[in-house]
Amino acid sequence: MQHLAKRLEYINEPQTIAMAKLSRELGLKHDVISLSLGEPDFTTPKHIIDAAKKAMDDGFTFYTPVAGYPELRTAICEKFRRENNLIYQPDQVVVSTGAKHSIMNAIMALINKDDEVIIPTPYWVSYSEMVKLMEGLPVFIKCTVENDYKLDPVNLEKAITPKTKAFIFSSPCNPTGSVYSKKELAALAEVFAKYPDIMIISDEIYEHINFSGHHESIAQFESIKDRVIVVNGMSKGYAMTGWRIGYIGASKEIAQACEKIQGQYTSGTSSISQKAAIAALNGDTRPTAEMQAAYARRKVLVTEGLKEIPGLKCNNPEGAFYAFPDVSSYFGKSDGNSVIKNATDLCMYVLNTVYVSMVTGEAFGAPENVRISYATSDEKLVEALKRIKTALEKLS
Ligand code: PLP
């Protein structure tokens with residue numbers, strides 16, 4: 001269409017959102033179980049909601065400072081110190097409208113046309129599209145199930161060129177659930193230490209959903225800390241997706257750049273959500289721990305259930321709330337009506353025959369996999385796995 005800017009042609013609609021839309025439509029007529037959304041099924045803890053109500057009653061209904069209320073930025077610095085042993089000053093923190101917005105700010109602040117951005121696959125859907133929106137070039141490094149979908153330092157170094165400007169990854173990872181250990185991060189940091197022009201965007205939004213023990217941030221390595229932009233937020237660990245609060249901790253230079261961009265783009269995020277975020281960060285951590293325990297239980301339920309289905313290859317997810325089986329052994333099979341050619345066909349087949357929605361791995365740069373979100377009740381998960389097994393058994 002001639003009215004629209006060229007950049008619309010560079011990017012795709014997120015397939016996660018497209019699948020959710022499809023399953024909602026089918027859900028009007030059938031009992032659909034949705035395993036496609038990346039959203040906690042818990043409601044926001046009460047003390048956080050109470051803080052938001054109080055904020056409104058107390059008159060916090062005006063524009064906020066672009067980078068966020070000083071009290072919130074101080075609470076975030078305190079969180080970084082307490083939970084990650086990372087020291088940032090409030091002027092190194094920028095609060096945005098969700099972690100997605102924080103990542104977009106960082107990419108806008110860093111990427112010029114034709115700059116290369118290294119993204120290990122499987123990756124979160126939006127990284128590549130955000131880079132393309134800024135006319136940068138995503139450079140993908142394939143990571144495999146044998147390596148728990150983690151990037152090894154040799155492959156990282158091989159992908160670096162004089163045009164490499166940045167690197168983006170998530171740990172815990174959406175979609176694989178992989179969690180990098182301190183040792184694995186140290187090995188990547190050692191490579192980055194040799195290339196002082198490369199910036200590292202470390203997406204840690206699933207920090208609090210980690211079954212491997214302590215969360216480790218790549219920003220802990222002093223040799224590269226100034227070049228790391230730690231992205232985090234309230235959405236996943238505090239069940240606050242709709243509140244839209246994300247933030248970064250970074251060098252002062254990067255924080256100022258993101259603030260400058262945000263100042264012309266969205267301004268400061270919601271006053272009410274910021275007040276709620278202060279209560280969440282400074283408040284009772286038990287609800288977060290309880291949610292994490294529920295995810296840990298469901299993870300076992302799902303990974304054990306998937307083992308009962310022949311032909312799937314899975315890693316052992318150590319964080320986030322996804323399983324990411326390789327389903328390629330079903331490609332070329334048929335239920336008598338149509339042939340499953342790829343992961344997208346498999347998702348559509350399962351959705352249309354047994355009413356379970358999953359997301360094709362194509363959305364995450366992994367066309368042999370499907371993503372199953374276990375951010376839903378144990379009962380629904382048991383039923384969904386039963387249905388998936390029945391559907392796949394019919395393929396030959
Ligand atoms: N990063 C990853 C890896 C995610 O999975 C998501 C949400 O699904 C986000 C960032 C965005 O989080 P927010 O809701 O805070 O924008």
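Which residues surround the ligand? In this predicted model, the ligand is surrounded by Gly98, Ala99, Lys100, Trp124, Tyr127, Asn174, Asp203, Ile205, Tyr206, Ser235, Lys236 and Arg244. The close-up views below begin with this shell and then turn to the pocket, the cavities and selected backbone features.

**Figure 1. The shell of residues around the ligand.** By class, this shell divides into five nonpolar, three polar and four charged residues. Among the residues that surround the ligand are Gly98, Ala99 and Lys100, together with Tyr206, Ser235 and Lys236. Asp203, Ile205 and Arg244 also belong to the surroundings of the ligand.

Figure 2. The side chain of Asn174 places a polar atom 2.7 Å from an oxygen atom of the ligand. For Lys236, an N or O atom of the side chain is 2.7 Å from a ligand oxygen atom. In the case of Trp124, the distance between an N or O atom of the side chain and an oxygen atom of the ligand is 3.4 Å. The ligand taken alone exposes 400 Å², and the protein buries 92% of that area.

Figure 3. Helix H1 (15-27), helix H4 (99-110) and helix H5 (126-133) each provide at least two lining residues. The largest share comes from H4, with five residues.

**Figure 4. The largest cavity.** Two cavities of 30 Å³ or more are found in a search of the whole structure. The largest cavity holds about 100 Å³ of space. It is lined by 15 residues, and those closest to its centre are Pro120, Pro122, Phe169, Ser170 and Cys173. Strand S5 (residues 164-170) gives the most to this lining, namely three residues. The lining of the largest cavity consists of twelve nonpolar and three polar residues, with no charged residue.

**Figure 5. The second largest cavity.** This cavity has a volume of about 40 Å³. Its lining is formed by Leu306, Leu312, Pro325, Val327, Leu346, Met358, Val370, Ile372, Ile388 and Leu392. Strand S12 (370-373) and helix H12 (378-393) each supply at least two of the lining residues. By class, the lining of the second largest cavity has ten nonpolar residues, and neither polar nor charged residues are present.

Figure 6. The bond from Thr121 to Pro122 is cis, with omega near -5 degrees. Pro122 lies in the loop between strand S3 (116-121) and H5, and is also one of the residues closest to the centre of the largest cavity. A cis peptide bond likewise joins Ser171 and Pro172, with omega about -10 degrees. Pro172 is placed in the loop between S5 and helix H7 (182-193).

**Figure 7. A positive phi angle at Asp114.** Asp114 is a residue other than glycine with a positive phi, near 70 degrees. The position of Asp114 is in the loop between H4 and S3.

Terms used. Residues are numbered from 1 along each chain as its sequence is written. This is a predicted model: local features need pLDDT of at least 70, side-chain atom pairs count only at pLDDT 80 or more; totals for chains, interfaces and linings use all residues. Side-chain values use heavy atoms; hydrogens and water are left out. A residue is near a molecule or strand if one of its heavy atoms lies within 4 Å of it. A polar contact is a pair of N or O atoms within 3.5 Å; within protein, one must be able to donate a hydrogen and the other to accept it, and residues adjacent in sequence count only if both atoms are side-chain atoms. Accessible areas come from the Shrake-Rupley method with a 1.4 Å probe; for residues, only the protein chains shown count as cover. Ala, Val, Leu, Ile, Met, Phe, Trp, Tyr, Cys and Pro count as nonpolar, Asp, Glu, Lys and Arg as charged, and the others, Gly among them, as polar. Helices (H or I, at least four residues) and strands (E, at least two) are DSSP runs, numbered from the N terminus. On a 1 Å grid over the protein atoms alone, a cavity is a set of points where a 1.4 Å probe fits but cannot get out, and a pocket is an open set with protein on both sides within 12 Å along at least five of seven lines; lining residues have an atom within 4 Å of a point. Grid points are joined across faces, edges and corners, and a volume is the space filled by probe spheres set on the points.
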